[in-house]
Each structure stands twice: as structure tokens, then as C-alpha cells.
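Subject: Structure with ligand, handover

Hello,

Please find the structure below, for your files.

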Amino acid sequence: MKSKVDRDEYRRAMGCFATGVAVVTTCDKNGARVGLTISSFNSVSLDPPLVLWSIAHDSLSYATFMEAEFFAVNVLAMNQQDISERFAKSGRNKFDGLVCGVGINGAPILPEYSAVYECRTEYHYDGGDHKIIVGRVLKFEDRGTDPLIFYRGHFLAQEA
Ligand SMILES: Cc1cc2nc3c(=O)[nH]c(=O)nc-3n(C[C@H](O)[C@H](O)[C@H](O)COP(=O)(O)O)c2cc1C
């Protein structure tokens, strides 16, 4: 058992915990669409329906999400690895060529997803180099498709 935390070893060890992958979206005060790939999403409470995710302080979309009253969590389906990679690249133009729906308060809804949760921001908590965002689910849809799974730095291979 290790007591001192080596950054790379720690990242590798945390990769044992398999997660789904989602793209969290919102729009800024000028109406520009913003989104990033996350794996830190989880359910917190059923009643009330609360979820959480965390955003790195150095994310370009950090300030926008800190100000956002609403956001949407688009859970990616097994065949959406390309979307995960697109939204994991820092910067603008991530939505180019995507025909999105419009969620509560303009939060973009991706054309495809396994499930989507539309949320109102309830709390922010400090979390080291991340901020933890807790939202209340106001609306959701489950399309019943198998989700994309991420572990040990890789996506679980899609069945042929
Ligand atoms: C599978 C996967 C999971 C990720 N999870 C998170 C996360 O939970 N929180 C986070 O801030 N960044 C996460 N990232 C990194 C962001 O997607 C990445 O830093 C992105 O470029 C941020 O975009 P922005 O700088 O335009 O805001 C993840 C990346 C991948 C590929």
C-alpha cells in the first residue's frame, strides 16, 4: 500500500475505476455553445434528483460553467468515441457540423446520446484543482442504447 502519492501512479490507479463518458453543455451569456467531455459524472441523490460532476480550473469553459444556471449532461453511447475526442480538445468550434437540439435555457443537446439529463445548477464545492458542480435534474431522456465506457485511459472496445 502506497502512502505518498506519485501523480502518474495515482492517475493509473484511478483508471481502474471504470466510468461512463458524457459531454456537458451550456451556453454563455452571449449565446455561444460550450461543452467538454467528462467522466466525473455521478448520481448524488434520488429525492431530490441531484447529480454531480467536476471541472478543472484550467478548463477554457470553467468560467462559463461557473456562471451557468443550467447545463445538460449528454451521456455518450458506445459508438460515440469520436464525439468524446472532439469535446476533449480544448477550445472553440467543438459544435461545428453538429445539428444539436436546444435544451433548457439554450443548453445544446447533442444529436445522439445514450441518455441526457437537463439540470439547474444547485451548488459549487471546492475540490482541489477542480470545482464540483451539483445540479438538480429537471428533465431527462433514456434512449436505451449501451453507453461508452472508459477505464485505464482507454475506451472499452465496441463489440463487433
Ligand atoms: C474520458 C475523458 C474524461 C474527462 N473527464 C473530465 C472531467 O471530469 N472534468 C474535466 O474538467 N475534464 C475532463 N476531461 C478533460 C476535458 O475534456 C478537456 O480538458 C477539455 O479539453 C476541456 O475543454 P475546454 O478547455 O474547452 O473547456 C476528460 C477527458 C476525457 C477524454
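This is a predicted model: local features need pLDDT of at least 70, side-chain atom pairs count only at pLDDT 80 or more; totals for chains, interfaces and linings use all residues.

Ligand site

The shell around the ligand holds 19 residues, with Ser40, Ser59, Ser61, Ala88 and Ser90 coming nearest. By class, this shell has eight nonpolar, nine polar and two charged residues.

A nitrogen atom of the ligand lies 2.8 Å from a backbone N or O atom of Ser54. The protein buries 81% of the 640 Å² that the ligand exposes when taken alone.

Largest pocket

The ligand takes up space that is the largest pocket. Strand 3 (33-38) and strand 5 (50-56) are the elements that give two or more residues to the shell around the ligand.

The volume of the largest pocket is about 1,800 Å³. Its lining has 48 residues, and Arg11, Thr37, Ser39, Ser40 and His130 are nearest the centre. Strand 3 contributes the most to this lining, six residues. The lining divides into 18 nonpolar, 18 polar and twelve charged residues.

Second largest pocket

Strand 4 (42-45) supplies the largest share, three residues; strand 5 and strand 10 (130-142) each supply at least two. The lining has eight nonpolar and three polar residues, and no charged ones.

Regards

Terms used. Residues are numbered from 1 along each chain as its sequence is written. Side-chain values use heavy atoms; hydrogens and water are left out. A residue is near a molecule or strand if one of its heavy atoms lies within 4 Å of it. A polar contact is a pair of N or O atoms within 3.5 Å; within protein, one must be able to donate a hydrogen and the other to accept it, and residues adjacent in sequence count only if both atoms are side-chain atoms. Accessible areas come from the Shrake-Rupley method with a 1.4 Å probe; for residues, only the protein chains shown count as cover. On a 1 Å grid over the protein atoms alone, a cavity is a set of points where a 1.4 Å probe fits but cannot get out, and a pocket is an open set with protein on both sides within 12 Å along at least five of seven lines; lining residues have an atom within 4 Å of a point. A molecule sits in a cavity or pocket if more than half of its atoms lie within 2 Å of its grid points. Helices (H or I, at least four residues) and strands (E, at least two) are DSSP runs, numbered from the N terminus. Ala, Val, Leu, Ile, Met, Phe, Trp, Tyr, Cys and Pro count as nonpolar, Asp, Glu, Lys and Arg as charged, and the others, Gly among them, as polar. Grid points are joined across faces, edges and corners, and a volume is the space filled by probe spheres set on the points.
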